[in-house]
Each structure stands twice: as structure tokens, then as C-alpha cells.
Amino acid sequence: MNTVLAALVVVASLLPASPAAAAAPIDWRDEAIYMVMTDRFRNGDPSNDLDSVPGKADWWQGGDLQGVIDELDYIKSLGMTAIWITPVAQQMKGGYHGYWTLDSYTIDPHLGDMAKLQELVRKAHEKNLKVVLDVVPNHLGTGHPWLSDGTHVGWFHPDCPINFADQSSVENCWLAGLPDLNTENPVVRAYLIDWANWLIEQTGVDGFRVDAARHLSKDFLRSFTTAIRAKHPSFWILGEVYSSGYRYQSGFLDAGLDAVTDFGTYDSVRIGLDPRGNLGQLTTSPSLAADLGAGREDARAIFIDNHDVPRFVGRDSPDEATKARLEQALVYLFTMPGTPVLYYGTEVALPGGPDPDDRRPMPWAGGDEDVRQLVRDVAMLRQAIPSLRRGSFDEIASERGLAIYDRRGGPDVAVVALNGDEQRAVDVPLAKLGLAGGLLHRTVGPGIRGTIDGSTLRMTLAPRAAGIFLVGAAPEGFVLPLWSMLLLGIAVVVVAAAVIVARARRRFLHRV
């Protein structure tokens, strides 16, 4: 079944879009984003290593844009539809992560150059992968020459420590000692807007992730987003609003952002999937997200870890219990309303503590293949099932040791179950799913079994099971039409060939 599902997804990606479909606005609920810290992903071009020091946690280690290009097929094979790469602007000393800008108009030579960035976007698009570029309009790098060159007077707010209880202080003081740009200054504002539009036009990227968006005034954000959309109407703008409060975050959507980073759901994952946690916490964020505003409940980028927080599994290699909780988190990630964002390495259970330990190099040898396959299964299932992308969210059971919910909105209802430490059997009346009767079309996930018994979905859940039950009303005699069977056959061959090529390439690179 996994091969069939992968094949269907491959076929869909190979079919040309109609002109009408190509012109339709992108609904980013349909996307699954793979986040890459470029310096830590893959070294595709040793000639630009410069002063890189492999293994030095707070310094450049050699990853580059060529490395991302080299692994586009890998990213797509995970079921991802988009890539988010960390900022590419030239950095002040030691800015391997991209957030200490020296020159916004120059690509950092550790990563490549503009031609290489353009190549990355072009080749990603050829594979039907969208590209989201991280940008930093809030500040520049520590010790930036504009602070003292005499020609940029008025470009920066005065240096002051941030009081996070005061929004004015949040917007105008220096985050982590980084020179805060005075975005109220019309010259600064025009510079940032011109640069953003230039970057889009030069590269053809599909979206921005705006770093430190909560530290920008809403007046600036309105000007920034409006000016971008005047030239690029379908451009997607995600803002990092580092807060768990949806009501607070809603103001940034009012200011023009299309979506915000969902720290509320991150907190639910951290609390609910703690070894002593309460699984019932996992069903709370969709209802709380109503505070984002009517029609905007799904305007959220969901994540279970990223480059600013410790890895989900912690700093040590995960034991079986931690791996089981990671698998639960991944099933949850790809079945929640919003846009899932998978941090590089999480698909192989990469460990990591607080920054910079959460930015370890991607392990291209080894890693947990069971977890990686689960990512493929649930991400591809999400691509194939409309209810998992755009469907409603309905809580079925919520208690300390059990969370069950469903997603409705297509031919199949997706029932998602996350179990605690005790094996259990759970019965769900089909009427509770809005069905008079139905068939169990498939299950995906570890430790689960299910059957339809009359008008009841009967689930058996092993300890720490996590899985998806797809229930629909298609007749038992349903047969794919001939054209679908032919496409499916072609796709199976394509998938098999891709797997053979990828394995051969990895063996070659390992030998090299």
C-alpha cells in the first residue's frame, strides 16, 4: 500500500498543470515544508568552504546551496512539496545561520552566489518544489559598519534592552544585541521594500519567512507586505511571531502576513508528548486557534522542533520510548490543520540540545530508517487525502493517555489516534464521523490495527501507538479506471527506478 500511495503521488507530480490550475492561487495548507539550515545540510562545493571548520558548532561548517540542489530528490522523496532555506545574505563574522546581515544584496560566498541561488530555485521548480526564503528586515549584524560610517545616521533605533512586556520595547530595542533597523524612517523602509522585491524578481522564490516579525511594527509590516503584493500578488509571507498567544499573533495577520509560526501547537506537543505528559493537550490548539480570526484558523506553520529550540528527541540518541514519542509527534504534525514544517534531520531522529546544538550537520549515513519511512508514509498520505489538508478538525477523545480526532472534508474521513503507555481497544461509532456506514480503506502508522464491524470502527492501539485510519463509503467492488491503472503502473516503475538511482548515488558518495 505504501508503494501504491507513493506511486499515485509521483504520478500527480508528473502530470502537467492546466493553464487554469497554474494560475490559481496557492493554498499553503496543501504544502509540506522541509526546513534547511543551509550551512548544516550538505557540502556540495568544497571550493567555497573558505574558513569553514567542520564540527565547530558556532561557526561555518561547509554546507551550501549546491548541497541543497544535490538533495532536491531526497527532499521530494520524503513527501515534501516546498523547501525553506535560512537567509542567504552576506554575513558578519561567524554568521553561519544567516541572521547577522552584512550586505543584503550579496549572497554569502560560503553558500554560493546569485547564479547558484537562481539555479536552486529553478531546479526546485522543475521538480514541483516551492522555495521559501528566510529574510531578516528587523536588524543587521553586530558591529555593522553602517553604525559608524556617518552616512547612515537615523537608520537604527537607540540601543536598549528589550522589555518583552512592552510591545514598543519589543519593536524598538535591540534583539540579542543586534542593531535594530529604524523601519519608521522612510529611507530605511524604502530600502527594505526595494530589496525584498529585487530578491523576488532575481530568484523567483515563492515565499518569505520573515524573521523576528514580532519585533517589527505593524505599520511597517503593512507597508512591506502591501508593496510586495503590488508586484507579486500570489507571494506567500510567513512571519516568525515568537509567541504562543494566538490572539497576540492575530494582529500580525491583520498587518498583512499570510501565516504565523505556530508556537501554540509547539507548546502542546512539548507538554502533551513529554514522557509524563497529558495527551489530551494535543487536541486543544485547533480550537484555541480560533483567536487568529474567522477564516484564519489554519494560517499557521506547524512544527515540532526547529533551529531555535532543542530537537524533539533531546541532546542524546533516542531510546525506544523517545523514538515512539517522536513517531507520535510526526503523525500529529502531518495531520493537524495548517502547514507542516519538518526541520532537517528530524526525519532520522537527529538529536540536539539548545542552540547551537540543535543545528548539528545532517547525518547522510545512518539515521533511523523507521522514522524516515514513517515521514514518507504520512507526508504522502497527506498529499493524497484532501481531508488531511483542508478538512475540519473534530475531537473524538481527549484524556491523559489518549487523543483521538478526525479530519473531514473529502471522500475519506481520517481518524487519528495517539495512545499512551497502556494497550487499549477503542470503538468509534461511524455516526460520530458523519457516516452511516463505510469501509476502512487503509491504516498508516506504528502499533495500530483496525476493522469496521457493522457501524463501528474498532481500533486496537499498542502502547505509544500513533496512526491514521482512513474511513470512506466507496463500494467494495470499486475498481480503478483503466487510465488510472496504467498511470499507476508507470508510477510504480518510476518510484522503483528512483529508489535504485538514489541508493546507487549514496553508495558512490559514501565511497568517495
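A residue is called buried under 20% relative accessible area, exposed over 50% and partly exposed in between, with a 1.4 Å probe and protein chains only. Helices (H or I, at least four residues) and strands (E, at least two) are DSSP runs numbered from the N terminus. The model is predicted, so local features need pLDDT of at least 70 and side-chain atom pairs count only at pLDDT 80 or more, while totals for chains, interfaces and linings use all residues. Residues are numbered from 1 along each chain as its sequence is written, and side-chain values use heavy atoms, with hydrogens and water left out.

**Helix α7**

In α7, the buried residues are V188, R189, L192, I193, W195, A196, N197, L199, I200 and T203. They pack against β4 (101-107), α5 (114-126), β5, β6 (207-210) and α8 (218-231), where contact means heavy atoms within 4.5 Å. The expected span of a helix is 1.5 Å times one less than its number of residues. For the 18 residues of α7 (residues 186-203) this gives 26 Å, and the end C-alpha atoms are 26 Å apart, which agrees. At the start of α7, a side-chain oxygen of N185 comes within 2.9 Å of the backbone nitrogen of V187. G204 follows the helix with a positive phi, near 75 degrees.

**Aromatic pairs**

Rings of Phe, Tyr and Trp (its six-membered ring) pair if their centres lie within 6.5 Å; planes under 30 degrees apart are stacked, over 60 edge-to-face, and the rest tilted. The whole structure holds 19 aromatic pairs. Two of them are tabulated.

| Pair | Centre to centre | Angle between planes | Class |
|---|---|---|---|
| W146 and Y191 | 5.8 Å | 75 degrees | edge-to-face |
| Y242 and F263 | 4.1 Å | 20 degrees | stacked |

W146 is in the loop between β5 and α6 and Y191 is in helix α7, so their pair ties together parts 45 residues apart in sequence. Y242, in the loop between β7 (236-239) and α9 (246-254), and F263, in helix α10 (residues 263-272), are 21 residues apart. Y242 is partly exposed at 38% relative accessibility, whereas F263 is buried at 4%.

**Two buried loop residues**

M80 is found in the loop between α4 (72-77) and β2 (82-85) and is buried, with a relative accessible area of 1%. H144 lies in the loop between β5 (130-135) and α6 (167-172) and is buried at 2% relative accessible area.

Definitions and conventions. A polar contact is a pair of N or O atoms within 3.5 Å; within protein, one must be able to donate a hydrogen and the other to accept it, and residues adjacent in sequence count only if both atoms are side-chain atoms.
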